[in-house]
Amino acid sequence: MSHDVVVTGIGLVTALGADRETTWASILAGRRGFAPLRLFDLPGREAPVVAEVGSFPRKKGVPKRALRASSRTDRMTIAAALEAVADAGLSSLAGAACVLGASSAGMLEGEEYFRHAFEEGHDHARRELLGGIEAASTASRVALALGATGPRATFTTACSSSAHALGHALDLVRSGEVEVALAGGGDGLCRLAAAGFLALENVSRAGCRPFDKDRDGMTLGEAAAVLVLERAGRARRPYARLLGYGSACEAFHATATDPTGRGAEDAIRAALTDAALDSRAVGYVNAHAPGTRDNDGAESAALARVFAHGPAVSSTKALHGHTLGAAGALEAAVTCLALREGWLPGQGKTHAEGAIDVVEAARDKRVEHAVSLSLAFGGNDVALVFGAAP
Amino acid sequence: MIVTGVGAVAPTALEEVRADGRMLAVKRAATPATIGAREARRLTRPSLLALAACKEALGDAPSEGLGIALGSGFGACEATRLALEGLFERADLVSPSHFVASVRHEAASSIARMLSLRGPAVAASARRLSFEQALGWALRQIGRGRARGMLVAGTDEVTPLLARSLARSRLRREPIAFGEGAGALLLESEGASRPALARIEGFLEGAGSIDDLIAAVRRRLGGRFDLILTDEEGSDRRRADALRMGEELACPTRATDSGYVASGGSLVAVAAVRAPEKRVLCYAREVDGAFAAYSVTKP
């Protein structure tokens, strides 16, 4: 038996706001959450422009066990999950799945372990700090914090991690294995990712400009985004239907994108097939487009081949930054909000290459179907297809 | 879903690492002969171990229409250490190649590239359920018709750092051995051109006590097995769990002897396919209560 699946709750912690409504209002206003990095120093480097999360709520009632030795990423994700569950109006998560994506996860704390280990020896470093480098830590803590007693999973494909999480959760609910799933991801900024991307020379100096002819790289960000997926018919006022999930591997290069965009195209076509939807029905694409020269060019080529009718396209990374393991879920959440509210998010002034219909300022337009696309290191590409709620 | 190929790199050599003032035994795997010098130079150790297992599982099967799902509990620990070394003094000297190698799904994407696997691809990480989560995801990809087949693998390395850091919290409670290795299955849907070595049935996952796991196995799999197989790290609690499984399901229980490999479930799966027993129950359970189980049935 196959069940229809709807998104019934959304929780967000982003550089644009510590909750869903503030983040969405900022996106509609076209506000960018960029500023020089303050969270930590990078000796030998000028502080890059990043999208850093400010304060976020720490709700009472979360079991201490879920918070003991937790990482900043764990706590951000728990906050987002609590907001999502409250938004869905769920009182119990007994039997619910918890599926998350992570890339850096709690590496910021893991780095402290290594700092002590390098300076004083491993036998003197605080073992509990190392828990942060276990990607599964966040899903385990979120499940414990909210009492989700069903299956758990953590996917780690860098920038497409939490898109995979949503796709897997779709399969779990659609097949009837669970009725409710928490799905999303969290990733906090850390030294390793910041220094690593700077070393790869694909970080923008002043803030990313996706699809712009003068784009100069990405803007690293951090976020937590959790969505509640439920079997259709249970929920009061769903945001959207999650219709399809597809993934493909470019099998091309460790970091560079296949310039033909073939992997992205394969992922989108697989997701449309999974959704049993014709590409011409798609009215909006929330693109991956981090603002790097190679990625955005390849992605444009893929979009042009799949969507010859020219749907509206935007990359909201121009506002909330590239949040790595949280990006897929955050951008899926933005896509769901766009479907429910009838507003397509913009990405700011763009001198776009090619014939893509880039949304610059938020556009008052209702569409029936939308795609959220996530591409990653190593060519791990994922597409999700959403439909407007009935 | 049928298994048409298996491959494994199991640990054999015992080595000693100093941890918290005592010597700790770890089980290392030899670098497989199927790995060329160029691959050995370019790949992290978890990638190298997994590549060897995947090559063996794939055999001469065509890669067209195949995807990959790879579980790893800790990823490339040594690459992470190398990337972080010096970061605190000079962030501008971080090596791009060490950073790229430290990315958690490096093994999955490297293998996809080397074996030309262009289908669905994922990396899963859930401590000792890492392989099982990759397996569950892979079964669904084939079941939904998204891939003709999937290579499903698990891999983990043992490094002095990892052995030390894990041992510090565990040694106080119970003696355990750490190991490394990789296992891989080639899964295909019914009707594949290659003969079936075994069938994977009744994959289940959830969270709860060992009794909840046993109840789920009875409900989903019927409870009639010739062998129960799990991984082994020498802990008293896990031995007690295994004994209880055996008693409740009236079936002999055996453990692989790889030591604690986070994704050791991959070695369990390979051992189950190779075992002479006709119907084998494989299971794994994490300290947070998450569990997974499935049966491997021979034709």
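Trainee: How many Å separate the centres of domain 1 of chain B and domain 2 of chain B?
Mentor: Good place to start, and keep in mind that this is a predicted model. The domain assignment of chain B gives domain 1 as residues 2-188 and domain 2 as residues 198-297. Taken over C-alpha atoms, the distance between the two centres is 21 Å.

Trainee: And how many residues of domain 2 of chain B are in contact with domain 1 of chain B?
Mentor: Let's look at both sides of that contact. Domain 1 of chain B brings 38 residues to it, and domain 2 of chain B brings 27 residues.

Trainee: Now for the two chains together. Which helix of chain B gives the most to the side that touches chain A?
Mentor: Here 55 residues of chain B are in contact with 52 residues of chain A. Several elements of chain B supply at least two residues each, including helix 3 (77-84), strand 5 (121-124) and strand 9 (198-207). The side of chain B that touches chain A divides into 23 nonpolar, 14 polar and 18 charged residues. With 5 residues, the element that gives the most is helix 7 of chain B.

Trainee: Is Ser165(B) buried or exposed?
Mentor: Ser165(B) has its place in helix 7 of chain B, and it touches His122(A), Arg127(A) and Leu130(A). Being buried takes 20 or more other C-beta atoms within 10 Å. Ser165(B) has 24 such neighbours, so it counts as buried.

Trainee: How many of the 10 residues of helix 10 of chain B are buried?
Mentor: This helix covers residues 265-274 of chain B. Among its buried residues are Gly265(B), Leu267(B), Val270(B) and Val273(B).

Trainee: Over in chain A, what does Asp216(A) count as, given its C-beta neighbours?
Mentor: Asp216(A) lies in the loop between helix 8 (191-199) and strand 7 (223-231) of chain A. Leaving out residues up to four places away in sequence, Asp216(A) touches Ser204(A) and Arg205(A). Asn202(A) is 14 residues from Asp216(A) in sequence, with 7.2 Å between their C-alpha atoms. Because Asp216(A) has 17 C-beta neighbours inside 10 Å, it counts as partly exposed.

Trainee: How is helix 9 of chain A placed relative to helix 10 of chain A, and what is the handedness of their crossing?
Mentor: The axes of helix 9 (residues 262-275) and helix 10 (residues 293-306) of chain A come within 8 Å and cross at roughly 40 degrees. That angle is why helix 9 of chain A is oblique to helix 10 of chain A. The residues of their contact divide into 5 nonpolar, no polar and 4 charged. The placement is oblique, and the crossing is right-handed.

Trainee: One more: at roughly what angle do the axes of helix 7 and helix 12 of chain A cross?
Mentor: Helix 7 (residues 161-174) and helix 12 (residues 327-341) of chain A have axes that come within 5 Å. Their contact includes Ser161(A) and Leu166(A) of helix 7 of chain A, with Gly328(A) and Ala332(A) among those of helix 12 of chain A. The contact residues divide into 6 nonpolar, 3 polar and no charged. The axes cross at roughly 65 degrees.

Note on methods:
Residues numbered from 1 in each chain as written. Chains lettered and ligands numbered in written order. Predicted model: local features only at pLDDT ≥ 70, side-chain atom pairs only at ≥ 80, totals over all residues. Axes fitted to C-alpha atoms, helices over the stretch in contact; angles between N-to-C directions. Helix = DSSP H or I, 4+ residues; strand = E, 2+ residues; numbered from the N terminus. Parallel < 35°, antiparallel > 145°, perpendicular 65-115°, else oblique. Left-handed = near helix turned anticlockwise from the far one by under 90°. Nonpolar A, V, L, I, M, F, W, Y, C, P; charged D, E, K, R; others polar. Contact = placed C-beta atoms within 7 Å. Domains from an automatic or database assignment. Buried ≥ 20, exposed ≤ 12 C-beta atoms within 10 Å, placed from the backbone.
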